[in-house]
Amino acid sequence: MIAIVDYQAGNLTSVKKAFDHLGVEAVITSAPVTIARASKVVLPGVGNFEATTALSGALQEAVVNAIDRKVPLLGICLGMQWMFDSSREAPQLRGLGLFSGECEKFHASVKSPHVGWNQLQVDASSRLLRGLPQDSFVYFTHSYRAPVVEATVGRCEYGGLFSAVVERGELFGVQFHPEKSGSAGLHLLRNFCEL
Amino acid sequence: MLTKRIIACLDVDAGRVVKGVQFSDLRDAGDPAELALTHGRAGADEVVLLDISATYENRSTLLDVVRRTARQLFIPFTVGGGIRSLDDAAAVFDAGADKVAVNSAALADPALIGRIAHRYGSQAVIVAIDALRIGNGNGRSFGVKATGGRHITGRDAVAWAAEAEQCGAGEILLTSIDRDGMRDGFDCELTRAVVSAVNIPVIASGGAGAAGHFIEVFREGHADAALAASIFHLGITPIGELKQELQVAGIPMRWPC
């Protein structure tokens with residue numbers, strides 16, 4: 001069972017619907033006990049980095065415990081940014097620090113937020129992106145972006161390169177919305193389910 | 001490269017897709033869920049479902065049409081029409097929408113935009129503006145109509161778009177009432193005026209008839225996305241062919257997809 005962590009940061013129906021479509025059992029939950037039983041954990045989320053304050057206490061502990069148990073974790077959009085050290089959007093807060101670096105605003109030369117379909121520069125070594133063609137189109141909607149780091153396995157160009165996909169061991173993060181990225185997104189989610 | 005988006009719009013009345021000319025003379029164009037899926041497979045970058053009679057007849061959005069349509073659609077899906085409160089928006093999100101479009105209710109109470117954005121994020125709130133030309137030459141301006149083009153408001157479309165952004169809108173869906181259903185081109189002047197007044201994406205709507213119209217609205221209107229309805233439903237311009245033609249013209253497109 002996949003636990004989709006609900007911390008009141010946006011609408012999770014679409015994420016659940018994508019797993020339903022793939023025939024994989026997924027539950028939307030904010031109960032630490034459910035997360036403790038999950039074989040995989042998804043951290044979705046949209047909106048301001050401040051929304052991650054809801055991921056404190058028992059809920060954060062449940063996620064960290066899952067990581068310690070080597071349960072595959074997929075952060076989507078804000079969920080991925082929370083896996084980094086911090087974000088300029090709410091500098092007083094700390095992320096999980098699973099990936100090093102700080103999320104920043106886009107360069108002033110491009111319109112922000114970055115909304116729409118953009119292309120992925122795919123690293124062939126990625127397990128999450130296995131079988132996904134180079135320059136696949138995926139759907140983004142965000143105002144802050146994570147830097148390119150050692151764990152970056154998918155880059156995207158928009159006012160400079162940023163991390164669209166990060167991966168290390170059983171930790172995965174995607175800045176775009178696989179549940180809204182047509183067949184490319186479903187392909188990625190299927191890869192995650194099959195880990 | 002970030003592409004320009006081609007959006008298929010389903011105007012829904014009593015559970016069926018309809019198409020009119022200048023917001024009236026409605027004709028049946030099919031089942032919303034089937035059409036949404038067809039358009040998605042054909043290459044549409046997003047689907048918008050507008051319950052065009054919801055506000056006027058004072059009934060809530062057709063949630064099971066939304067649910068049925070959302071079930072198979074894995075591209076962004078926007079629902080508008082009859083969304084008057086945060087609760088209305090929540091019901092539509094629960095039924096599977098990714099974004100809501102608010103129009104008349106936001107004109108009456110602009111703070112509604114912020115209430116929905118606070119809960120679901122700005123990216124989930126589109127402010128739809130039905131604009132029309134007023135006057136000629138130097139005296140030209142763009143007015144705003146409410147309740148499906150039935151009532152003129154005192155607002156200026158460009159100023160309202162800027163205010164909507166300040167209130168928390170993530171995108172503007174800008175429809176030219178003058179061009180709606182005419183298939184003689186988008187209102188590029190209106191589109192450009194709004195694009196230069198805001199920093200969020202602007203979706204141009206009203207007047208799509210041929211590939212050349214899309215090229216114009218992207219190049220001259222500076223639109224981020226363009227929306228059309230009847231030319232897709234009636235098969236006048238297949239989405240795939242349209243996207244290939246735009247790509248050849250140098251407009252970045254998600255194709256093949």
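Modeller: Happy to. Keep in mind that this is a predicted model. In chain A, eight strands make an open sheet with mixed pairing, and their order is 2-1-3-4-13-12-11-8.

Biologist: Which strands sit at the edges of that sheet?

Modeller: The edges in chain A are strand 2 (26-29) and strand 8 (121-122), each of which pairs on one side only.

Biologist: And how does strand 8 of chain A join strand 11 of chain A?

Modeller: Through two bridges, with strand 8 of chain A running antiparallel to strand 11 (residues 152-157) of chain A. To find the spot, look at V122(A), whose bridge partner in strand 11 of chain A is G154(A).

Biologist: What does helix 3 of chain A touch on the sheet?

Modeller: Helix 3 of chain A packs against strand 1 (2-5), strand 3 (40-43), strand 4 and strand 13 (171-174) of chain A. The direction of helix 3 is at about 135° to that of strand 3 of chain A.

Biologist: Let's move to the loop after that helix. What is the phi of K70(A)?

Modeller: Phi of K70(A) is near 65°, which is a positive value in a residue other than glycine. You'll find K70(A) in the loop between helix 3 (57-68) and strand 4 (73-76) of chain A.

Biologist: Is K70(A) buried or exposed?

Modeller: K70(A) counts as exposed because 10 other C-beta atoms lie within 10 Å, and the cut-off for exposed is 12 or fewer.

Biologist: What about A14(B)?

Modeller: A14(B) also has a positive phi, near 50°. This residue is in the loop between strand 1 (5-13) and strand 2 (16-21) of chain B. With 13 other C-beta atoms within 10 Å, A14(B) is partly exposed.

Biologist: New topic: where are the cis peptide bonds?

Modeller: One joins S112(A) and P113(A), with omega about 5°. P113(A) is in the loop between strand 6 (99-105) and strand 7 (114-119) of chain A. Another joins W255(B) and P256(B), with omega about 0°, and P256(B) comes in the segment after helix 10 (239-248) of chain B.

Biologist: Last one: how many residues does each chain give to the contact?

Modeller: Chain A gives 27 residues and chain B gives 25 residues. On the side of chain A that touches chain B, strand 7 of chain A supplies the largest share, six residues.

Biologist: What kinds of residues make up that side of chain A?

Modeller: Nine are nonpolar, 13 are polar and five are charged.

Note on methods: Residues are numbered from 1 along each chain as its sequence is written. Chains are lettered from A and ligands numbered from 1 in the order in which they are written. This is a predicted model: local features need pLDDT of at least 70, side-chain atom pairs count only at pLDDT 80 or more; totals for chains, interfaces and linings use all residues. Helices (H or I, at least four residues) and strands (E, at least two) are DSSP runs, numbered from the N terminus. A residue is buried if 20 or more other C-beta atoms lie within 10 Å of its own, exposed if 12 or fewer, and partly exposed in between; C-beta atoms are placed from the backbone. Two strands pair if DSSP finds at least two bridges between them. Two residues are in contact if their C-beta atoms, placed from the backbone, lie within 7 Å. Axes are lines fitted to C-alpha atoms, for helices over the stretch in contact, and angles run from 0 to 180 degrees between N-to-C directions. Ala, Val, Leu, Ile, Met, Phe, Trp, Tyr, Cys and Pro count as nonpolar, Asp, Glu, Lys and Arg as charged, and the others, Gly among them, as polar.
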